[in-house]
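Subject: Handing over the structure

Hello,

Here is the structure for you to look at. Please open it first, then read my notes below.

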Amino acid sequence: MKKRLTALAVIFTLVLSLMVPFTSYANTIADDVAGTEYEEAAYLLGALGIMVGDAESGNFRPDDSLRRSEFAKIAVALAGLTEVANGQNSTRYPDVVANHWATGFISVADSKGYVIGDDTGNFRPDDNITFAEAVTVLIRVLGYEPSALDNGGFPSGYLVTAAQNGLTRGISYSANQAITRGVVSQLAYNALTINMMKKVSYGSNELYEVVDETLLEDVLGVYEEYGQVTATNQSSLTGESSLKDDEVQITEAESGEASIFKTGETVSRQYLGYNVVYYYTQPKASSDKTLILVRPNTNKMTEIKIAAENLSSIEGEAEEEKILKYWKNKETDKTTQKLTIAGDASIFYNGVATSDEEYAAENMLEVLTSGYVTLVDIDKDDVYDLVFMTKYVNYVVDEVSLSGHKIMDKGTNPSLKLDPEDAALTFSIVKNGVEIGLEDLEEYD
């Protein structure tokens with residue numbers, strides 16, 4: 001069971017959460033791209049380290065234009081040559097200084113034939129790159145330049161080839177228009193799963209063919225699958241779990257085979273029961289599969305989160321379908337919304353599967369005096385199959401027993417035991433944004 005204590009700077013109240021919200025870059029996205037058409041692309045490219053948000057603000061800036069030097073970096077990263085670029089410190093272009101941040105990327109992109117300079121021999125690293133130029137570079141990375149030349153060369157031949165192989169699917173853009181970061185992210189996202197073109201015969205009769213290889217899998221060594229998270233270190237869909245802290249179990253959708261994955265930097269543990277799309281790596285010499293990104297598969301499921309104070313009523317007996325009525329906003333709504341909960345819905349209390357009658361769905365309003373409920377319809381039939389009840393408890397410190405690892409509450413709550421040697425317990429205590437120890441707690445925190 002997860003517990004978290006947060007000491008708020010102003011009101012000095014410790015908030016106990018029985019389920020820690022995990023965070024990492026791989027599951028966070030800038031507000032300026034969340035909910036947009038570029039969200040999925042930004043998530044994956046961020047997890048792969050190909051395109052990341054602004055270092056200072058964290059924003060993705062999808063509407064900003066992109067420089068030629070920045071796109072050289074993206075192309076080289078897609079080709080799996082970032083480490084090679086990091087070892088380069090010069091280029092043949094007089095306008096790319098040796099200490100330019102993109103020197104190595106421009107050097108590699110140039111040597112691989114992905115980019116070329118202008119008629120004067122300059123690269124123009126700070127110029128905006130156009131849509132046609134960006135498409136041309138990615139066509140070269142994917143190996144389709146022979147086809148593009150057969151189709152008429154730059155720019156029309158490259159644009160036609162890109163349309164034929166799916167590189168520009170879902171994108172409508174003017175050839176000479178300066179491309180934005182959002183559109184670049186979608187192009188790069190598309191490029192990851194397109195079958196590449198390779199030379200299959202040499203000599204006087206050179207032959208190029210489309211092969212069953214992609215940048216994502218065969219160059220970057222990352223695999224994409226669909227499935228359901230069926231166990232974490234906290235719980236499984238049916239109850240207890242024997243997984244380690246850094247493990248989750250995912251049952252693959254097509255085969256039905258369950259596999260254990262290392263969580264890596266992902267937030268996969270918060271998706272117990274969810275249908276997900278997941279990406280992982282598996283070194284050839286290892287049996288370990290490590291997740292790099294896990295995302296809810298919204299095409300296969302529906303999720304809704306309701307704050308405890310917005311719950312209105314629930315009707316229905318045990319093992320029967322139940323109707324939950326709720327407000328989207330209790331302060332402003334005139335009528336309630338309603339949804340249906342399956343009679344055999346799986347119930348989770350603070351992250352752990354439970355069959356305890358006290359936490360049955362029909363008792364939701366009595367259980368959730370604070371916190372929220374998350375409901376998931378895993379097959380999009382408008383009947384919710386998973387019910388996650390998360391409850392918070394407020395403690396005000398009276399005294400702390402370091403020998404017993406206990407916090408005594410000034411109210412009526414029982415003492416809270418936070419033993420760091422308890423393998424079943426994970427907690428953190430944070431005060432004013434800084435993690436502290438039990439011994440640092442003071443009266444009235």
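Which residues does leucine 66 touch, not counting residues up to four places away in sequence? They are Phe71, Ile74, Asp127, Asn128, Ile129, Ile179, Arg181 and Val184. Contact here means heavy atoms within 4.5 Å.

Some ground rules. This is a predicted model, where local features need pLDDT of at least 70, side-chain atom pairs count only at pLDDT 80 or more, and totals for chains, interfaces and linings use all residues. Residues are numbered from 1 along each chain as its sequence is written, and side-chain values use heavy atoms, with hydrogens and water left out.

More on leucine 66

Leucine 66 sits in the loop between helix H1 (39–48) and helix H2 (68–78). Helices (H or I, at least four residues) and strands (E, at least two) are DSSP runs, numbered from the N terminus. Leucine 66 has a relative accessible area of 1%, so it is buried. Buried means under 20% relative accessible area, exposed means over 50%, and partly exposed is in between (1.4 Å probe, protein chains only). From leucine 66 to threonine 290 there are 224 residues in sequence and 32 Å in space, C-alpha to C-alpha.

The whole chain

The chain has ten helices and 22 strands. Of its 445 residues, 48% are buried. The C-alpha trace spans about 85 × 50 × 50 Å along its principal axes. Take the contacts between residues at least 6 apart in sequence: 55% of them join residues at least 24 apart.

Helix H5

How many of the eleven residues of H5 are buried? Eleven of the eleven are, so H5 is largely enclosed by the rest of the structure. The list includes Glu133 and Arg140. The buried residues of H5 pack against H2, H6, H7, H8 and helix H9 (215–219). Glycine 143 follows H5, and its phi is positive, near 90°.

H5 with H8

Two packed helices are described by the angle between their axes and the distance between the axes. H5 and helix H8 (residues 181–192) pack at about 20°, with axes 11 Å apart. Axes are lines fitted to C-alpha atoms, for helices over the stretch in contact, and angles run from 0 to 180 degrees between N-to-C directions. H5 and H8 are therefore roughly parallel. The cut-offs are under 35 degrees for roughly parallel, over 145 for roughly antiparallel and 65 to 115 for roughly perpendicular, with the rest oblique. The crossing of H5 and H8 is right-handed. A crossing is right-handed if the near helix is turned clockwise from the far one by less than a right angle, and left-handed if anticlockwise.

Which residues meet? Phe131, Ala134, Val135 and Leu138 in H5 meet Val183, Leu187 and Ala188 in H8. By class, this contact of H5 with H8 has seven nonpolar, no polar and no charged residues. Ala, Val, Leu, Ile, Met, Phe, Trp, Tyr, Cys and Pro count as nonpolar, Asp, Glu, Lys and Arg as charged, and the others, Gly among them, as polar.

H1 with H8

The axes of H1 and H8 cross at roughly 70° and come within 9 Å. That makes H1 roughly perpendicular to H8. The crossing is left-handed. Glu40, Ala41, Leu44, Leu45 and Leu48 of H1 make the contact with Ser185, Gln186, Ala188, Tyr189 and Leu192 of H8. The residues of this contact of H1 with H8 divide into seven nonpolar, two polar and one charged.

Helix H7

The buried residues of H7 (residues 156–165) are Gly157, Tyr158, Thr161, Ala162 and Asn165. Seen down the axis of H7, they fall within an arc of 135°, so they line one face of the helix. The arc is that of the directions from the helix axis to the C-beta atoms. They pack against helix H5 (131–141) and helix H6 (145–150). On the other side of H7, Ala163 and Gln164 are exposed.

Backbone points to check

Proline 155 lies in the loop between H6 and H7. The peptide bond from phenylalanine 154 to proline 155 is cis, with omega near -5°. Just after H7, glycine 166 has a positive phi of about 95°. Glutamate 319 is not a glycine, yet its phi is positive, about 65°. Glutamate 319 is in the loop between strand S11 (311–315) and strand S12 (322–326), and counts as exposed at 76% relative accessibility.

Best wishes
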